[in-house]
Amino acid sequence: MIAEPTLKETYLMNIILTGATGTLGSQILFSLFETELNSITKVYLPIRGKKSISPENRLKRMLHSEYAPPFIKANSVEITNKLQVVDARILFEPLSFLEEEKVDYFIHAAGFVNLSTDEAARKAIFEENFEFTKLIFTAYTKHINKFVYISTAFAIGDFGGMLDNDYSTKSLCKYRNPYEASKHGAEKYLLQEGAKKGIAVQILRPSVLGGNISAIPCFFISKYMVFYLFAKFFSNCGSKDAIRITTNKTAGLNIIPTDYAARVIVKAMLTNVEQLNIVHSKDTNLISGMAKIFEVVGFTNFSFTTDKINKITGFASQLEEFYYETIGIHLSPYLTSKPQKWNTALLESILPIPEYDLEEYLSQTVAFAKLKKFRNQQW
């Protein structure tokens, strides 16, 4: 029997949210105001400026874009008054903008999603996801009550079997790439340091993010990654060459709509839950799922195999060689992973998983991305 998460007492909140212009961060920001508008005093948003646009204008562009929810647009004046943009260059100087204000929740949603298996990329990935997180936590130790870390459900690596929410005791993990290792390392560091310094730490782990399931517009996502890269590759390849995709018959990919993940994060933040996987109760079978993707993008000359394909075994076509020397390097560890199951009882006690057909959802998200030419939203 799963114990109900305990809700904390409601009061006016000060919040810091990193990654607010990112795929998940933007949806978290929207969900914060849609559900907690009257409970929020201030939301501080560290944002990087770009060559042609200031941090303030990046936020303004996002809040007034065609993809901003109707509620955000209808309450734009009140919401804007509760927002304070912080130039990311002074992120490690909290007193420069907080003064004496205490922060109730620091939501660290910024991260570097890079599935590269190249050891040359390891340093940059660890600097962004591990070292950067350590620096933030250290800088804000005296200024926050709770640190909410947005990790990934895959931080456990290629584990297989039934997965519960507690990753802190898992060791000897078979990480598929430095990204997973860096996120798990950051988790363990935060839990240990939080306990030492008396700061509540919460680890929330979404699985692969897909398009919105209920927020308008449906199937929108601001950045196309992971399975979208697979779809984009075959949509744009311009080849009719045959290709064999190596995968296990039992392998699956867990995909969760971004808007659902964001709503869970906002609800879970207010509870005493320490670790939570934000995942679908079922994985999408990779063979049937990839077949759906091929159908949507109009590629037909494919087959599936359990054989390993590389330079040594030989390639059947130029397209096959190009695939396995580019995105195939990064995606293959997931296409050949151990089958796994997820315990979602705690998750569903916080917010029930929406009911929808997994393969139809996959088809519609890819169709939306194709319609948008797989172009990431620039804010």
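Is Phe219 buried or exposed? Phe219 is buried, because its relative accessible area is 17%, and buried here means under 20% relative accessible area, exposed means over 50%, and partly exposed lies in between (1.4 Å probe, protein chains only). The model is a predicted one, in which local features need pLDDT of at least 70 and side-chain atom pairs count only at pLDDT 80 or more, while totals for chains, interfaces and linings use all residues. Residues are numbered from 1 along each chain as its sequence is written, and side-chain values use heavy atoms, with hydrogens and water left out.

Phe219 belongs to the loop between β8 and α8; helices (H or I, at least four residues) and strands (E, at least two) are DSSP runs, numbered from the N terminus. The phi angle of Phe219 is near 75°, a positive value in a residue other than glycine. Pro217 is also placed in this loop, which runs between β8 (208–210) and α8 (227–236). The peptide bond that leads from Ile216 to Pro217 is cis, with omega near -5°.

A further residue of the loop between β8 and α8 is Asn212. Asn212 counts as buried, since its relative accessibility is 1%. Contact means heavy atoms within 4.5 Å. Leaving aside neighbours within four places in sequence, Asn212 is in contact with Pro217, Cys218, Phe219 and Phe220, and also with Gln27, Pro257, Thr258 and Asp259.

Phe374 is found in the segment after α14 (358–371). Although Phe374 is not a glycine, its phi is positive, at about 55°. Phe374 counts as buried because its relative accessibility is 5%.

## The crossing of α10 and α14

Helix α10 (residues 286–297) and α14 have axes that come within 9 Å and cross at roughly 35°. Axes are lines fitted to C-alpha atoms, for helices over the stretch in contact, and angles run from 0 to 180 degrees between N-to-C directions. The crossing of α10 with α14 is right-handed, a term used when the near helix is turned clockwise from the far one by less than a right angle, left-handed being the anticlockwise case. On the side of α10 the contact is made by Ser288, Gly289, Lys292, Ile293, Val296 and Val297, and on the side of α14 by Glu359, Leu362, Ser363, Val366, Ala367 and Lys370. By class, the contact of α10 with α14 has 6 nonpolar, 3 polar and 3 charged residues. Ala, Val, Leu, Ile, Met, Phe, Trp, Tyr, Cys and Pro count as nonpolar, Asp, Glu, Lys and Arg as charged, and the others, Gly among them, as polar.

Glu359 is placed in helix α14. Glu359 is partly exposed, as its relative accessible area is 28%. Setting aside neighbours within four places in sequence, Glu359 is in contact with Ser288 and Lys292. Glu359 and Asn285 are 74 residues apart along the chain, and their C-alpha atoms are separated by 8.6 Å.

## The cavity

How many cavities of 30 Å³ or more does a search of the whole structure find? The search finds 1. On a 1 Å grid over the protein atoms alone, a cavity is a set of points where a 1.4 Å probe fits but cannot get out, and lining residues have an atom within 4 Å of a point. The largest cavity has a volume of about 70 Å³; grid points are joined across faces, edges and corners, and a volume is the space filled by probe spheres set on the points.

The lining of the largest cavity includes Phe154, Arg176, Asp283 and Tyr334, together with Ala251, Gly252, Leu253 and Asn254. Ser337, Lys338, Pro339 and Gln340 also line the largest cavity. These lining residues divide into 5 nonpolar, 4 polar and 3 charged.

## Two further helix residues

Pro178 is found in helix α7 (residues 178–197). Pro178 counts as buried, with 2% relative accessibility. Beyond its neighbours within four places in sequence, Pro178 is in contact with Ser116, Thr117, Arg122, Ile125 and Phe126.

Glu325 lies in helix α11 (residues 318–325). Glu325 is partly exposed, with a relative accessible area of 36%. Not counting residues up to four places away in sequence, Glu325 touches Lys311 and Phe315.

Definitions and conventions: 1 Å grid on protein atoms, 1.4 Å probe; cavity = no way out; pocket = protein on both sides within 12 Å on 5 of 7 lines; lining within 4 Å.
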